[in-house]
Amino acid sequence: QGLLVESGGGLVQAGGSLRLSCAASGRTFIAMGWFRQAPGKEREFVSAISRSGGMAYYADSVKGRFTISRDNAKNTVYVQMNSLKLEDTAVYYCAAGAVLSRGESLYDYWGQGTQVTVSS
């Protein structure tokens with residue numbers, strides 16, 4: 001297993017919900033986030049959260065539907081995804097680093113990814 005391990009992906013109907021989890025082994029990161037990559041597209045930012053949980057960023061495409069949270073006692077970050085749309089279908093990657101950012105280049109550690117498929 002790697003440093004970041006995602007879980008919770010799966011198949012869901014449009015309008016449904018999923019919660020992704022990402023457990024970090026051995027340490028608590030200042031910033032943790034989620035990115036996603038749909039088939040044939042570049043990886044894009046979804047959401048990120050600060051160490052305290054007091055600051056969070058969201059992509060416009062998920063704002064109001066996704067909620068990021070973290071439990072530092074468990075070194076785990078979550079993203080609750082509601083009102084899922086077909087266009088949310090992608091591989092979702094957890095990322096961790098020292099700077100809270102929307103840019104993937106500032107994240108040093110990445111999970112292996114978990115597939116989310118939204119069906120009509």
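Leaving out neighbours within four places in sequence, Thr114 is in contact (heavy atoms within 4.5 Å) with Glu6, Gly9, Leu20, Ala90, Val91 and Tyr92. One of these, Gly9, has its backbone nitrogen 3.3 Å from a polar atom of the Thr114 side chain. Thr114 sits in strand S11, residues 114-119, where strands are DSSP runs of E with at least two residues, numbered from the N terminus. Because its relative accessibility is 11%, Thr114 counts as buried, meaning under 20% relative accessible area with a 1.4 Å probe, protein chains only.

A word on the model: it is predicted, so local features need pLDDT of at least 70 and side-chain atom pairs pLDDT 80 or more, while totals for chains, interfaces and linings use all residues. Residues are numbered from 1 along each chain as its sequence is written, and side-chain values use heavy atoms, without hydrogens and water.

Now over to Leu18, which belongs to strand S3, residues 18-24. Leu18 is buried too, because its relative accessibility is 15%. Skipping residues up to four places away in sequence, Leu18 touches Gly8, Gly10, Val12, Val79, Gln80, Met81, Leu84 and Val116. Among them, Met81 is the bridge partner of Leu18 in S8.

That bridge brings us to the sheet. S3 and S8 (residues 76-81) pair in the antiparallel sense over six bridges; pairing takes at least two DSSP bridges between two strands. The open sheet has four strands in the order S1-S3-S8-S7, with antiparallel pairing. S1 (4-7) and S7 (66-71) stand at the edges with a single partner strand each, so one side of each has no neighbour in the sheet.

Key:
Buried < 20%, exposed > 50% of the residue type's maximum accessible area, 1.4 Å probe, protein only. Polar contact = N/O pair within 3.5 Å; in protein donor to acceptor, adjacent residues only side chain to side chain.
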